[in-house]
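Please look over the sequence and the structure before reading on.

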Amino acid sequence: MFKKRKTSNIRQRRLSEDDGGGESDAMAVASTDDSNSNFATTIKKEKKKAKEKVEPKKQSILSFEDELEADDGIIFQEKKSSLSYKLRKEMKKERKEKRREEKEKQRQAEGKDKFRDKDKNGGPTVSELDELGIRIVNGREAESIGAKPGDSDDESGTPGKHKFKSKNMRTAQSLDPWKKMLQSGQIPDANMIHAIRKQRQQAREQGDVIPLDETVRVEETKGRLVRDDDNDRSDDEDGESRMDFSVNQQARDRQQRQEAFDAAQEGGSDNSDHEREWEKQQLMKAGANAKVAAVGDGELNQEAGDPTAIQYTPLDNGAALGNQDQKLWGTETLIPASSASLPRPTNYQAEGIIKRLQDSRASLEEVYRRHQTEADTIIDDLVACKSTITRCNLEQHPLTSIFQFYQDIRGYVTDLRDCLNEKVPDISALEDQVYILYRQRAQKVVQRRRQDVRDQNDEFSPFAGKGATGDEYRTRRAAEREGRRTRRRREREKKGDVNHHDGMSTDDEESQSEIQLMQSELEHIASEARKIFEDVEDDFSQLKRIMARFEEWRSKDGPTYSDAYVSYNLPKIFAPYIRLQILLWNPLMRDSDGIEVERMKWFNLLLLYGTNDNSEDDPSRLREDPDRKLMSHLVEKVVLVKLKEIIGCWWDPLSHIQTVRLVNMVRHYAEAYPSLGPTSKTLKDLTHAIISKIRDAIDNDIFIPMFPKNVYDNKNSGVSLFFQRQFWVAWKLLSSTLMWHKVLSDSVIHDLAVRSLLNLYLLPALNLAAEINPSDALDKCRNVINALPRAWVKSEGTHVFLGRLEDFLIKLAEKLDPAAHSPALKEVCDLLKSIGAQTQSDKIAYKYL
């Protein structure tokens, strides 16, 4: 939880009194935590401890203190904090600075005493030199001034180099062994460091070696080696004694002061020069006092706020001494600083002053003229700004109204979008419910019809077992099937339809209970649809008001209406309301009221969109108006999508009525609305749904029984009746498929009607009928050819893809007796001509007629 204080065992070895000079080579071994400390710091601690041990030992108070030895036990010492160490370090630095200042003052005082005798001989006094900024340097500073950068101790011939005596050379030679040991890479220990320092101390006492720093290393009263770390700047940890490789600015200043001092010494030999120097110094003092007074007056004037007060530049104490004569005797110091930019007059006579005033007046006139031009420009800008302000004030009201309108329409569109995003999923859910009801009803009818075909095939097939007729459910289905056929037959008899064949009618009858159940479900969905917009304001729920808001935008600002692509987004905006109105619309349903969308309210309302705009009177602009295709886009994106879903879940290709309605509707939309072209994706999806539905009917609803010939001898038998019914069912699907001519491509019609229905189902049945009854086969063939489109019958080369039908007619003509069936043979020739087989028709006529 808390950090434990680290304890370090410091083992200290005490020195005996027999060691020479009271000094020893012992070192304090620190703990493992301080193993990386500085080596020099460890040496300093050794010195301090050794110095403390030299002092006389005080009398012990405890009786057992003298009995303990240095190695008898471990001495525990309290480790001082880093803060106390920093404080001691700062105190040492302050004491060191005080000692340096005292020694500097003492050295200056000694220098003044030395030059006092020379001042009596006529030379400048020390105080005067101090006032001039010249400091008297000692021998060591003079040597440093005379020395040049790059001097080394080895080059004795370099100018300014201090030359040692032979005694100094001997002292240096005595230190060579230690230098060699250090250069060899040997790490010095405590004994080596102590020995080197003792030799340096002896050299200092004899005067052979120059001290390493400016402090006094030897105390006068004591002759022993000083171990105080404050005087040893070589071991200072602050880095103050490190060698500076930058430019020595102090040395340059001292050199300049030395040169000035030498010049002053040389001038002292001449009394006249000395007098002139004395006069200059006196004038300098007087000038300095005058300047100080002038500066004081200037400051007072500035404080008093006098704008006419003349400010004099103060004397720069850091300037070079060689330029002081010019500053004292010249007129620069008497010229105000504000007039420094004016040209100096050639003379101070009347002509010079007048010339200077004229120049000043000309410059002022130029400034005035420039200011006048600027004032004129500002006045022009002011007039332009006032006119702009007036114009903006006039435009403010219409722009404010337009801005407010934009804000309103933006808020309205945003709210309308949020409303539709919430209501569209509900509308889609209701549409899905309607489609589910339609799909359930259609699947039920189709499954019942296909089951009846399987039951009849099992019943009349000679290969079926006896168990096929004993099923109770099959018997019930047969009874219901015969009941529906009887009701349809009675209805046809009432209408007087004599050309009808069994199988041409669509078995899509439902019971009354099923009809009522479906009607109740649809009514419930309609009631739910009316509740969708009950909680919405009229501006967002009524199609008329929504249309009015966009018409207002179109009439007020047409460019922004066009830039916002409103015309392309209107179908999406109006689509949810149209889908809600055509929710129960089913044009394929029997007795449907909404067969045509052109009779609906929404169609008549949106048909007049944009007609109130008077700017669209130009026919050319009307043709370029994108809103003129609004109804076409609505039919494409709403009506055809709805119709595609109805085809998928309701349309029965075997129903002649539904097929006729659907074909007429699609043709009408494709011809009346320009957006429904070959490139329309919605129209392509619709045609794919139609083709898929026809293929499904061909694969699952068409079945013609092909039993042996003797089975069909009796025309009234169940097998013959079942064969006749299934043939006419296939023919009805063929006629329904051929109705899509000019809606679907010819290649698709050929594949569905000719290859799939005619060649695979109808022609084999016709060949079987020709074997049983040629007259009946001729009648069936006539109905097949009559179902073909007129464009195919009248065009040449139709028999190319009707080649199998042509072969059937030729074989049928061969089976007919020319004497008894001459009208039949003539009809065969006509049928061959209708499908483009003129040559074959002529051959049969020539042969049999």
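## Basis

This is a predicted model, in which local features need pLDDT of at least 70 and side-chain atom pairs count only at pLDDT 80 or more, while totals for chains, interfaces and linings use all residues. Residues are numbered from 1 along each chain as its sequence is written, and side-chain values use heavy atoms, with hydrogens and water left out.

## Overall make-up

The protein chain has 30 helices and zero strands. Helices (H or I, at least four residues) and strands (E, at least two) are DSSP runs, numbered from the N terminus. Of the 849 residues in the chain, 32% are buried. Buried means under 20% relative accessible area, exposed means over 50%, and partly exposed lies in between, with a 1.4 Å probe and protein chains only. Contact means heavy atoms within 4.5 Å. Among contacts between residues at least 6 apart in sequence, 70% join residues at least 24 apart.

## Two helix pairs

Two pairs of helices are listed here. Axes are lines fitted to C-alpha atoms, for helices over the stretch in contact, and angles run from 0 to 180 degrees between N-to-C directions.

| Helix pair | Angle | Axes apart |
|---|---|---|
| α24 (residues 718-738) and α26 (residues 774-787) | about 20 degrees | 9 Å |
| α25 (residues 746-772) and α28 (residues 803-815) | about 0 degrees | 11 Å |

Angles under 35 degrees count as roughly parallel, over 145 as roughly antiparallel, 65 to 115 as roughly perpendicular and the rest as oblique. Helices α24 and α26 are therefore roughly parallel to each other. The crossing of α24 past α26 is right-handed; a crossing is right-handed if the near helix is turned clockwise from the far one by less than a right angle, and left-handed if anticlockwise. On the α24 side, the contact is made by Q724, F727, W728, W731, L734, S735 and L738, and on the α26 side by D776, D779, K780, N783, V784 and A787. These residues divide into seven nonpolar, three polar and three charged. Here Ala, Val, Leu, Ile, Met, Phe, Trp, Tyr, Cys and Pro count as nonpolar, Asp, Glu, Lys and Arg as charged, and the others, Gly among them, as polar.

Helices α25 and α28 are likewise roughly parallel to each other. From α25, the residues N759, L763, L766, N767, A770 and E771 meet R804, L805, F808, L812 and K815 of α28. By class, this contact has six nonpolar, two polar and three charged residues.

## Single residues

R441 lies in helix α12 (residues 350-460). Is R441 buried or exposed? R441 counts as buried, at 12% relative accessibility. Apart from neighbours within four places in sequence, R441 contacts D508, E510, M518 and W650.

Two loop residues have a positive phi although neither is a glycine. For Y565 the phi is near 55 degrees, and for K742 it is about 75 degrees. Y565 sits in the loop between α17 (558-563) and α18 (566-581) and is exposed, with a relative accessible area of 53%. K742 sits in the loop between α24 and α25 and counts as exposed at 71% relative accessibility.

## Cysteines

A disulfide is a covalent bond between the sulfur atoms of two cysteines. Here a disulfide is taken as a pair of cysteine sulfur atoms within 2.5 Å, and a search of the whole structure finds zero disulfides. C781 is buried, at 0% relative accessible area, and C829 is buried at 4% relative accessibility.
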